[in-house]
Amino acid sequence: PGIKIRPPLIYIIGFLSAFILNIFYRIPMLGPPLSIVLALLAATPSAVLGLWSMLEFWRAKTNPLPHKPSSSLVIVGPYRVTRNPMYVSLALLYVSFGFLLSIAWAFVVLPAVIFIVNIYVIRREESYLESKFGEQYRAYKKQICRWL
């Protein structure tokens, strides 16, 4: 696929940027207990979606890492709802930490993170999958949204 930077690193860099912005320009945010409840509400589906996605790759006996080749196209489980459940999972985890640490900047930076993931990772993955799986992947793309 030609992906050099692993997607979790993009989310981490984005979150660290928000953390640094928060140090210098704090934006008021919700406090506990509401921030903790919202963090859990984002973390729970993040964990379920992430683990379920990995399980489907394991069942298909293919590599889930975007910088390594795929041996089969996974279109079951959470992949029936979104083409990128692992990235949705990472976005939810990112949101969870934003609430947990009360960093409003995390929500300001998140669209840029998603934009970078779309351009740098997902477009490359889609091009790779289309060249590898052809019409099967093109048909899947027509049926299932990139995110949600």
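The legends below describe close-up views of a predicted model. Local features require pLDDT of at least 70 and side-chain atom pairs pLDDT 80 or more, while totals for chains, interfaces and linings use all residues. Residues are numbered from 1 along each chain as its sequence is written, and side-chain values use heavy atoms, with hydrogens and water left out.

**View 1. Overall fold of the protein chain.** The protein chain holds five helices and zero strands, in the order α-α-α-α-α from the N terminus. Helices (H or I, at least four residues) and strands (E, at least two) are DSSP runs, numbered from the N terminus. The C-alpha trace spans about 50 × 25 × 25 Å along its principal axes. Of the 148 residues, 43% are buried; buried means under 20% relative accessible area, exposed over 50%, and partly exposed in between (1.4 Å probe, protein chains only). Among contacts between residues at least 6 apart in sequence, 77% join residues at least 24 apart, a contact being heavy atoms within 4.5 Å.

View 2. An α-helix has 3.6 residues a turn, so residues three or four places apart point the same way.

View 3. Tyr11 belongs to helix 1 and is buried, with a relative accessible area of 4%. Leaving aside neighbours within four places in sequence, Tyr11 is in contact with Tyr87, Leu90, Ala91, Tyr94, Val113, Val117 and Trp147. Tyr11 and Leu90 lie 79 residues apart in sequence, with their C-alpha atoms 7.3 Å apart.

View 4. Asn22 sits in helix 1 and counts as buried at 10% relative accessibility. Not counting residues up to four places away in sequence, Asn22 touches Ile27, Ser102, Ile103 and Trp105. Ser35, in helix 2, counts as buried at 1% relative accessibility. With residues up to four places away again not counted, Ser35 touches Leu30, Phe99, Leu100 and Ser102. The C-alpha atoms of Ser35 and Gly98 are separated by 8.9 Å, and the two residues are 63 apart along the chain.

**View 5. The largest pocket.** This pocket holds about 580 Å³ of space. On a 1 Å grid over the protein atoms alone, a pocket is an open set of points where a 1.4 Å probe fits, with protein on both sides within 12 Å along at least five of seven lines. Its lining has 31 residues, of which Phe57, Pro64, Met86, Tyr87 and Glu125 lie nearest the centre; lining residues have an atom within 4 Å of a point. At least two lining residues come from each of helix 1, helix 2 (34-59), helix 3, helix 4 and helix 5 (135-143).

How values were computed. Points joined across faces, edges and corners; volume = space filled by probe spheres on them.
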